[in-house]
Amino acid sequence: MSKQIGIPRIVTSRSAVTATLSALFVACWSSGFIGAKLGAGSAEIPTLLMWRFLPLAAVLVPIVWLSARRRNMMPTPRTLGRQAVIGMLSQSGYLLSVYWAVDLGVNTGTTALIDGIQPLVAAALLGPVLGVAVPRMQWVGLVIGLGGVAMVTAADAGAGTSAPWWAYAIPFLGMLSLVASTFVQQRAPASTPPLQALAIHCSTSAIVFTALAVASGNAVPPSGNTFWIALLWLIVLSTFGGYGLYWLLLRRVGVTSVNTLMFLIAPVTAVWGALMFGESFTPYTALGLAVGIFAVVVVAHVGSRPKKRDEADAGTDSCSRQR
């Protein structure tokens, strides 16, 4: 009897932790767009990104190296190479596109909204690339979420910005870069400890952005307080919070559920940008937020249903091959 009572408590506790981590992930990932706006006017893009990742790499690499050596868990050259590619796609490529778009005048909410179509792209590629079946109701939820994102995007674009028309394609390229990194990670033959992976990713980005900053003559940081405030914001909230939670949740709930949370990031960023920077926020933005939340509920409900034993076994085998 005690076991029957204890199991639901464990399930409820796990669900509560997952829900909390998901909420923190949405807030922290959204903070990255806000941080990009904060830092856009204080320094050149390569400068801001170089000094965002150099301190992180300097702190993380010695800690992770000593820990891996003590536990005899040093990454192989193949693992280092794979994680470096993932870092270039999920950090370097993605962040460069976001900062570039914001610097060109694209609103933070609009940038996040364009990135919001990532779940649909990822879900469409799950079958042929990873051999993972996406339930029909999850497709319904993803399409509903896409509709919400489209509504808010149209409203923001209609408000008018100083950005050229082609600037709206830049976040789309960043979204594809992040999707590609997810698939590279999912096809890895073995899992990499999250902190070790983060150290490799940050080191890769530090090298990429330092090279860009030096080549463009923008390696020296400005002395203004705005730059350092934006830098602290990005390191704590965006990197450790958003980026770290992304990979943690990817392992915990799977790629479809994590990418569905991206639907919430777009409207949350739109609200945040309106409150902090006075960016446009219309009734269509509010309606898009409600539609996005409903989409997350639909997909999360489908993902929480117990699988049939044969489906669960097949899923386990599939995950074993991917890891």
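Predicted model: local features only at pLDDT ≥ 70, side-chain atom pairs only at ≥ 80, totals over all residues.
**Exercise 1.** Find out how many residues of helix H4 are buried.

*Solution.* Start with the range: helix H4 covers residues 108-115. Next, apply the cut-off, under 20% relative accessible area for a buried residue. Eight of the eight residues in H4 pass, and the helix is mostly covered.

**Exercise 2.** Search the whole structure for cavities of 30 Å³ or more, then describe the lining of the largest cavity.

*Solution.* The search returns five cavities. The largest cavity holds about 160 Å³ of space. Its lining has 16 residues, and the closest to the centre are Trp29, Arg52, Tyr94, Leu95 and Ser238. Now go by element: helices H1 (2-40), H2 (45-70), H3 (77-104) and H9 (225-253) each give two or more residues to this lining. H3 gives the most, with six residues. Finally, sort by class: nine residues of the lining are nonpolar, six are polar and one is charged.

**Exercise 3.** Work out which residues line the second largest cavity, and which element supplies the largest share.

*Solution.* Begin with the volume of the second largest cavity, about 40 Å³. Its lining consists of Gln185, Thr192, Pro194, Ala197, His201, Trp247 and Arg251. The largest share, three residues, comes from H8. To finish, the class tally for this lining is three nonpolar, three polar and one charged.

Technical notes
Residues numbered from 1 in each chain as written. Heavy atoms only, no water. Buried < 20%, exposed > 50% of the residue type's maximum accessible area, 1.4 Å probe, protein only. Helix = DSSP H or I, 4+ residues; strand = E, 2+ residues; numbered from the N terminus. 1 Å grid on protein atoms, 1.4 Å probe; cavity = no way out; pocket = protein on both sides within 12 Å on 5 of 7 lines; lining within 4 Å. Points joined across faces, edges and corners; volume = space filled by probe spheres on them. Nonpolar A, V, L, I, M, F, W, Y, C, P; charged D, E, K, R; others polar.
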